[in-house]
Amino acid sequence: MNHKLLHIFRNTPFGRETFLQSLYFCKTIQAYPVVYIPKNDKCLLYFSNDAVQVDLDHSYLNSPETAKAHAQALFEEAGIPPVFYEPKNFTASTLPDVSTNFDYLCCPRSVSDRSSKIGLGHIGPKVRRIIKHATFPVLISSPVFKSWTGISVFFGGSENAVKALTLGLKIAMASGLPLNLYTLVEKNGEDYYREVVQKRDMEPLVDKYVTNWHFYGNEAFDTMLYEVPHDSLIVLGAYGHGIIKELLLGSKMEIIQSTVTNNLLIVGPNCTISLQ
Amino acid sequence: MQTLKKIYRAIYYRFFRLDDRLLLIVAGSLAGICSGLAAVALRLSLESVIEWLHPFRHYWWAFVLPAAGALLSSLYLEKISKEGAGHGVPEVIYAVSRYGGLIRLRSSYSRLISSFLTISSGGSAGPEAPVVMSGSAIGSNIAKLLVLNDRQRITLVGCGTAGAIASIFNAPIAGLVFSIEVLLGEWKFVNIIPIAIAAVAGAQISQAIIPEQVLFNHQPFNTMAADILPCLCLAVLTAFTSVFFTKSLRKIGGFAKKSRLPLWGRAIIGGCLVGAIGIHMPLVLGEGYHFIQTMISGSFSMGLFLTFVAIFAKIFATAMTLGWGGSGGIFAPCLLIGSLTGVAFHKTLFFLLPSAGIAREGAYALLGMTGLISGVMQAPLTGIFLIVEITGGYETILPLILVSSISATMSHYIEPASFYLKDLIEKGQFMRPGTDARILSDLSLNEIIDTHYTKVSENMVFRDFIEIIKLSHHNFFPVIEDKTGAYQGIIHIRTIRKYVLEPGMYDMVFLNQIMDTEVVTASLEDDLGDVLDMMDLNNMDSIPVVENDRFVGMIQKSRILDLYRRELIMQTHIQ
């Protein structure tokens, strides 16, 4: 794969953990990371129908004189040639436009250094907005570096879940790691989910790459989350429902990310995933 | 829920989106109304705070008031809304020319608040550019809500701008003209109608909320044939003043950027200096509309020398306010500096030729204003219509046209880029629709790259390669390393003819011996314009794209031409 992951580098111990995670992700799926060392505490991501301003906290601007050397050292340790990103365009002199022409973006759970937000249970509003508008999957890394030995896809049968499954298959193909499917059977029976896969002509690929397809009853959501291997990369769709449903019931993704410690690869509603 | 969704979609697509023009007119009116409301809110709040602060202006410590305002404004922008200082118009033009008018929602209120803090405390700036920013952000976000395309979004940005200008000046034609002449840069039927309606909506909102609003009272002026020559001279003078004003703003702002002071520190210094000047010369404070009125009505009491001093003082105060951390626009300062220039010119003429039968001082104040607006913005129509509408001076329209045209031409001759566009042009970020740079920037490299090339191994013998050529219709073959897949070079059919004609060498030649490793390559990060320059420089029709040592594909000039033509038709097509 010749895919690129954009990583906004934070020159702190927490930032190192996140970057190690990006490096591991890239090595595993044969992509390569592109590091952006911010010089301003904010940047703009222009998507097709929205401009998202990412306000970084001051920890992202820590010790700028050592940031590049630290990133380079981690690149070398991982055996990946260093690639750095420099914004070419600026909306204002202190507001660089960061390209959205990437295949993945690594995001900490919150774009903040406050310890209350670094821990589990909080996904920052900026991260939420990025996921909602991004045309690429967003890697939400675990709080500390954690390698993974398998892929777990949460498949609920929706349009977004199909994209997540496609992405899971793509990563399984690139990494050679086992892929497991987890489905919470809601109104329809197990056959409904198999039919969804069949209708999309994905059955041969699922048969080939999926090791196990686990089905759980509607009430067994917590059990399902507990049974997902702690050392697997979770791939799931997010914000696939309408705004009203999400306001009333909340987003499943938000519950999952606040419960598990795994690395998450989130497919937002505007993501386009192909197997090529 | 599904049924509700279906009903909503049916209503939305069958009625509201039945006709795109109708949609733009309705959405444009909404943008005009919202931006008009924003402009009125700023005007009313400015008036009330300026009135409240008026009694305190006579105290010795009043010089700290602009500093306090600029400090709060800079802190608000930097810490709370996280935006840069300045007036924001270049940001809007940038968004229109580069990102189809995408503007953040926060811009719809942030500049209003920051400019309110700056101007109400006495900072030398105007509220017009912030309302432009606000209006355009409102238009952009309405377009986002309705999921409109780039072209429609740009039109709504224009609608928001027109509504804001129309509302703040109670001048709908000026709103329409400014929006099209300065912001969008394209006079198209599809834009004009919704923008005109938005301008009317903005002006109507303003009249409905502030019915007695008249920015400047109308004064009847009689301009005669004897005024033509002085008008020409005034046009030249305003052109030079415009260039001096623009250069001062940039120069003084540049000093501030070079200093190591934090933004709030700069804002305090700039504000204190403006306040100190304001104690001795109150006309530099705030927007200065009251002084413009006295000049138009002919009751301006300053002598010739002091009027000249006032011009420089206002220019310096505006540069210190906007360049050193304050927030606001240059419209109002332009009007004041222009009217001062006109009055100073009239006084000089009267001093040299007391019996010259020329129009009154007030008429020259109007001419000076239009000359400066046209010179600074290099937008002659905006200058003419704005002054005519806000002063009701229709009888001076002919000299206004003369001064405006000559001032805009002269200043363009001296300084080819207007104040709003200078930075964008210098950074190569100014791209009007239908221009070469804009079309190239709108073409995506992913669309252009042909990835269907057969990669060949560097250790492949020529005989095997011949078999691959037989099955391929391409002329180029990227050579890659076996182990890593890294790009090594390229083979062009033209360069291997001599080997093809000697079958005896088929098993003796390896591809790494005949590949061309010197071929210039492009990267996915390169701009298309740069890639084309690279191809021209090296006389290439095709260029390989290599990213992270991997061959991605080829870019061909013929493919670029096809897509360029398609994009040009799309951008210049009159709907």
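I began at Val235(A), and, leaving aside residues up to four places away in sequence, I found that Val235(A) touches Ile151(A), Val153(A), Ala164(A), Leu167(A), Gly168(A), Ile171(A) and Leu265(A). I keep in mind throughout that this is a predicted model.

**Cores**

I then looked up the core around this residue, and noted that the largest nonpolar core has 211 residues. Those with the most contacts inside this core are Leu5(A), Leu105(A), Val153(A), Ala164(A) and Val235(A) from chain A, together with Val92(B) and Ile165(B) from chain B. I also recorded a second, separate core of 21 residues, which includes Phe477(B), Val531(B), Ile543(B) and Val546(B). As background I wrote down that nonpolar side chains in soluble globular proteins tend to be buried together.

**The two chains**

For chain A I listed 10 helices and 13 strands, and I noted that buried residues make up 41% of its 276 residues. For chain B I listed 25 helices and five strands, and of its 575 residues 49% count as buried. The C-alpha atoms of chain B, taken along the principal axes, fill a box of roughly 100 × 65 × 50 Å.

I also looked at how far along the sequence the contacts reach, counting pairs at least 6 apart: in chain A, 78% of these join residues at least 24 apart, and in chain B the figure is 78%.

**Where the chains meet**

How many residues does each chain bring to the contact? I found 18 residues from chain A and 18 residues from chain B. On the side of chain A that touches chain B, the elements that give two or more residues are β3 (42-46), β4 (51-55) and β5 (89-92) of chain A. I sorted the residues on that side of chain A into six nonpolar, eight polar and four charged.

**Helix pairs in chain B**

Before reading the pairs I reminded myself that two packed helices are described by the angle between their axes and the distance between the axes.

The pair I took up to begin with was α5 (residues 107-120) and α6 (residues 128-145) of chain B, whose axes come within 7 Å and cross at roughly 165°. That angle makes α5(B) roughly antiparallel to α6(B), because angles over 145 degrees count as such. I noted too that α5(B) passes α6(B) in a left-handed crossing. From α5(B) the contact draws on Ser107(B), Ser108(B), Tyr109(B), Arg111(B), Leu112(B) and Ser115(B), while α6(B) supplies Pro130(B), Val131(B), Met133(B), Ser134(B), Ala137(B), Ile138(B) and Asn141(B). These contact residues divide into seven nonpolar, five polar and one charged.

I went on to α7 (residues 150-169) and α8 (residues 172-184) of chain B, which pack at an angle of about 140° with their axes 7 Å apart. That makes α7(B) oblique to α8(B), and α7(B) passes α8(B) in a right-handed crossing. Among the residues of α7(B) that meet α8(B) I noted Ile154(B), Gly158(B), Ala162(B), Ile165(B) and Phe169(B), and among their counterparts in α8(B) I noted Pro172(B), Leu176(B), Phe178(B), Ile180(B) and Leu184(B). The residues of this contact divide into 12 nonpolar, five polar and no charged. Ile165(B), which takes part here, had already come up among the residues with the most contacts inside the largest core.

**Single residues**

I checked backbone angles next, bearing in mind that most residues other than glycine have a negative phi. Asp201(A) has a positive phi near 60° and is placed in the loop between α6 (190-199) and α7 (203-209) of chain A. Is Asp201(A) buried or exposed? I found Asp201(A) exposed, because 8 other C-beta atoms lie within 10 Å and 12 or fewer count as exposed.

Asn539(B), which is not a glycine, has a positive phi of about 55°, and I located Asn539(B) in the loop between α24 (528-537) and β4 (542-547) of chain B. Asn539(B) is exposed as well, with 6 other C-beta atoms within 10 Å.

My last entry concerns Lys132(A), whose place is in helix α4 (residues 125-133) of chain A. Lys132(A) is partly exposed, with 16 other C-beta atoms within 10 Å. The C-alpha atoms of Lys132(A) and Thr94(A), which are 38 residues apart along the chain, are separated by 25 Å.

Methods: Residues are numbered from 1 along each chain as its sequence is written. Chains are lettered from A and ligands numbered from 1 in the order in which they are written. This is a predicted model: local features need pLDDT of at least 70, side-chain atom pairs count only at pLDDT 80 or more; totals for chains, interfaces and linings use all residues. A nonpolar core is a set of buried Ala, Val, Leu, Ile, Met, Phe, Trp, Tyr and Cys residues joined through C-beta atoms within 7 Å. A residue is buried if 20 or more other C-beta atoms lie within 10 Å of its own, exposed if 12 or fewer, and partly exposed in between; C-beta atoms are placed from the backbone. Two residues are in contact if their C-beta atoms, placed from the backbone, lie within 7 Å. Axes are lines fitted to C-alpha atoms, for helices over the stretch in contact, and angles run from 0 to 180 degrees between N-to-C directions. Helices (H or I, at least four residues) and strands (E, at least two) are DSSP runs, numbered from the N terminus. Angles under 35 degrees count as roughly parallel, over 145 as roughly antiparallel, 65 to 115 as roughly perpendicular and the rest as oblique. A crossing is left-handed if the near helix is turned anticlockwise from the far one by less than a right angle, and right-handed if clockwise. Ala, Val, Leu, Ile, Met, Phe, Trp, Tyr, Cys and Pro count as nonpolar, Asp, Glu, Lys and Arg as charged, and the others, Gly among them, as polar.
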